[in-house]
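Please look over the structure shown here with the report beside it. The notes are meant to be read against the residue numbering of the sequence.

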Amino acid sequence: MGAILRIGIFFHGPKIFDAGFAERVIESLKDLGEVQTAINGTMGITACFDSFLEKEVQIEECKSSVCLSKLSEKNDLLVVVTYSKSPESGYAYCWHVIKRANVLDKPVIQIELSEMTLIPWTKNSGEIAKSFAKELSLNVKNPPDFGKVLWREGEKIFRKVLAVSPGDYLLINGMTAGKAISKDVTIVGLASAKGKIVEVRGVALKDEASRKLDDMKIDVREAKLDTTKCLRDYKEARVLKVKEEVEGAGMAFVDHAGCDVYKIIKGCEGVVSVGDDTTTVVSDIAFRFDVPVIGIVDNDRDRILPTVHVHKRSELFIVEEDDEAGEKIFDEIFKRKKKIDIPFDDIKEKIAEIVEDVLIERVSMDLADF
């Protein structure tokens, strides 16, 4: 009897779980070897929780390439499982991740569930790909050639965004930057150590995103770029636990980056969230941990998350400009710290005082069109 094959399975995205495929993939691959599984990403982690699979799948709060590298340390074969908005989007994602993970010495295959295909990504994975495809009733497909994706001209770096459809939202490091108006989208950044994005071609940028990009230091080569029509399409949310103790647990602050919420949500009494779409993501996740949210918004929501569950104590402060109001709250109340020890009800009243001159409406979140 030969050695047991150790298989590292890396899931990407929520639809694998929402469609019920995650458990089926795990059970199928257990028949072929000993499996270790992992998931990362805000929506993927949330879908994993909603599917009651958090004890089966290891939750990772790190980049996809880091997840894949960690799995490669203990496994003979790596399987990246995706269920993407389009097959091309899934292949582009996997291509990027494998390049950055430095795992080319291991057999790496991808299962793309949107068209039930299996791709052998490394030279040493062809035979095992055929074997797995037969066992799992998948079609084997050769890795696509994406051509030139990253290049330099003088002091500028150009990066092509792959598998874009007009109407897709572009997310840069978790921030909704705007909506694609072309299938040809290119990010242009400075090559200097103070690198920043200076142009986004093929995208109608949001005003607040444009302002933020002017102030942010971003290396175009390393930026996390995502395109999607919606972050997740689902109905039912699972409440994970009710906190036994919240007094003095502290308030956290999240500004236009809902992807950070899992890093700060546990152990908080509440969260102050700045930005319409950020607040939808933060509120939906916080609901699972019985954590209320105070949202600072200006009613420019893109509805990138169609279904949002909210805690009964959550509240919205609708203001003229959420960027400016958020910055003032972060300065004057949080003293530029991400977490402070002020009770939830006290911080609501402090916020009410600070935004009094720019407040349009204050409303319970579950009564708002949210």
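The report below goes through a sheet, its hairpin and helix, a glutamate, some ring contacts and a few backbone angles.

## Basis of the report

The structure is a predicted model, and the values quoted for it are computed.

## The four-stranded sheet

Four strands, in the order β14-β11-β10-β15, make up an open sheet in which the pairing is antiparallel. The edges are taken by β14 (203–205) and β15 (225–228), each of which has a single partner strand, so one side of each is left without a neighbour in the sheet. From one strand to the next, the twist averages 35°.

Within this sheet, β10 (residues 169–172) pairs with β11 (residues 175–180) in the antiparallel sense over four bridges, and Leu 171 has Thr 176 in β11 as its bridge partner. Helix α7 (residues 207–215) packs on the sheet, where it touches β10, β11 and β14, and its direction makes about 125° with that of β11. Strand β11 also pairs with β14, again in the antiparallel sense, over three bridges; here the bridge partner of Lys 179 is Ala 204 in β14.

## The hairpin and the cover of β11

The hairpin of β10 and β11 has two residues between the strands, and in this hairpin Asn 173 takes a positive phi near 50°. How much of β11 is covered? The strand is mostly covered, since five of its six residues are buried.

Glu 60 is placed in the loop between β3 (58–59) and α4 (64–72). Is this residue, Glu 60, buried or exposed? With a relative accessible area of 8%, Glu 60 is buried, because a residue counts as buried when this value is under 20%.

The side chain of Glu 60 makes a polar contact with the side chain of Lys 70, at 2.8 Å. Leaving aside residues up to four places away in sequence, Glu 60 touches Ala 38, Ile 39, Asn 40, Gly 41, Ile 45, Cys 67 and Lys 70.

Helix α4 also holds Val 66, a residue that counts as partly exposed at 37% relative accessibility. The C-alpha atoms of Val 66 and Ala 19 are separated by 26 Å, the two residues being 47 residues apart along the chain.

## Aromatic rings

Nine aromatic pairs are found when the whole structure is searched. One of them is formed by Phe 21 and Tyr 83, a tilted pair with 5.8 Å centre to centre and 50° between the planes. Phe 21 lies in helix α2 (residues 21–30), whereas Tyr 83 lies in the loop between β4 (77–82) and α5 (87–101), so the pair ties together parts that are 62 residues apart in sequence. Phe 21 itself counts as buried, at 15% relative accessibility.

Elsewhere, Phe 49, Tyr 262 and Phe 289 are linked by ring pairs into a cluster.

## Arginines over rings

Which rings have an arginine over the face? Arg 232 lies over the face of Tyr 234, at 3.8 Å from the ring centre, and Arg 238 lies over the face of Phe 52, at 4.1 Å from the ring centre.

Lys 335 lies in the loop between α10 (322–332) and β20 (339–340). Although Lys 335 is not a glycine, its phi is positive, at about 50°. With a relative accessible area of 56%, Lys 335 is exposed, because the limit for that class is over 50%.

Arg 336 likewise lies in the loop between α10 and β20, and its phi is near 65°, a positive value in a residue other than glycine. At 45% relative accessibility, Arg 336 counts as partly exposed.

Conventions. Residues are numbered from 1 along each chain as its sequence is written. This is a predicted model: local features need pLDDT of at least 70, side-chain atom pairs count only at pLDDT 80 or more; totals for chains, interfaces and linings use all residues. Side-chain values use heavy atoms; hydrogens and water are left out. Buried means under 20% relative accessible area, exposed over 50%, partly exposed in between (1.4 Å probe, protein chains only). A polar contact is a pair of N or O atoms within 3.5 Å; within protein, one must be able to donate a hydrogen and the other to accept it, and residues adjacent in sequence count only if both atoms are side-chain atoms. Contact means heavy atoms within 4.5 Å. Two strands pair if DSSP finds at least two bridges between them. Axes are lines fitted to C-alpha atoms, for helices over the stretch in contact, and angles run from 0 to 180 degrees between N-to-C directions. Rings of Phe, Tyr and Trp (its six-membered ring) pair if their centres lie within 6.5 Å; planes under 30 degrees apart count as stacked, over 60 as edge-to-face and the rest as tilted. A charge sits over a ring if NZ of Lys or CZ of Arg is within 6 Å of the ring centre and within 35 degrees of the ring normal.
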